Amino acid sequence: MNLENIKIHHPSLKTVRGFTLIELLVVLAIIGLLAGLVGPQVIKHLGESKTKTAKLQIEELASALDMYRLDAGRYPSSEEGLGALIEQPSTAKFWNGPYLRKKKMPVDPWNNPYHYVIPGEHGKFDIFTLGADNTESGDGEDRDVNSWE
């Protein structure tokens, strides 16, 4: 066997096709522009969804309080708080709970407890959360969410 007659085929550098640096930079610039335009909109909707979740949870707590009142004849006192929806207070004789599907007290989407005031300033009771900043008032995600609005 003569090694001189064996031809080894290597692809020529001219036949290998790839992307140029300019093409890659253009693609990266386009991706950066899209991320800059779409990113803030996604974050905005995420904050809105947390506010909507808090509103739904407050409505669920209000419904559970109404069920508690039908059974016990009164709303839980300030001392008993929202915990009376899960565990029977010693003062509630006709308790038929728990009044929440999950047997634990929900926290707001920002991991803060809901506030319960009875008698309420805006109704028979007030339930509210102070938003992401956990301080009164605010805009956007920091806005307070309550049962009377």
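Arginine 74 counts as partly exposed because its relative accessibility is 27%, a value that lies between the 20% limit for buried and the 50% limit for exposed. The side chain of arginine 74 meets that of glutamate 80 in a salt bridge. The model is predicted. The protein is built from one helix and three strands.

**Salt bridge**
- One salt bridge is found in the structure.
- The arginine 74–glutamate 80 pair has an N to O distance of 3.0 Å.

**Secondary structure**
- Along the sequence, the elements occur in the pattern α-β-β-β.
- Helix α1 covers residues 21–72.
- Isoleucine 31 is one of the residues in helix α1.

**Burial and surface**
- The protein has 149 residues, and 25% of them count as buried.
- Its accessible surface comes to about 11100 Å².
- Carbon and sulfur atoms account for 60% of that accessible surface.

**Contacts along the sequence**
- Among contacts in the protein with a separation of 6 or more, 41% are between residues 24 or more positions apart.

Key. Residues are numbered from 1 along each chain as its sequence is written. This is a predicted model: local features need pLDDT of at least 70, side-chain atom pairs count only at pLDDT 80 or more; totals for chains, interfaces and linings use all residues. Side-chain values use heavy atoms; hydrogens and water are left out. Helices (H or I, at least four residues) and strands (E, at least two) are DSSP runs, numbered from the N terminus. Buried means under 20% relative accessible area, exposed over 50%, partly exposed in between (1.4 Å probe, protein chains only). Contact means heavy atoms within 4.5 Å. Accessible areas come from the Shrake-Rupley method with a 1.4 Å probe; for residues, only the protein chains shown count as cover. A salt bridge is a side-chain nitrogen of Lys or Arg within 4 Å of a carboxyl oxygen of Asp or Glu.
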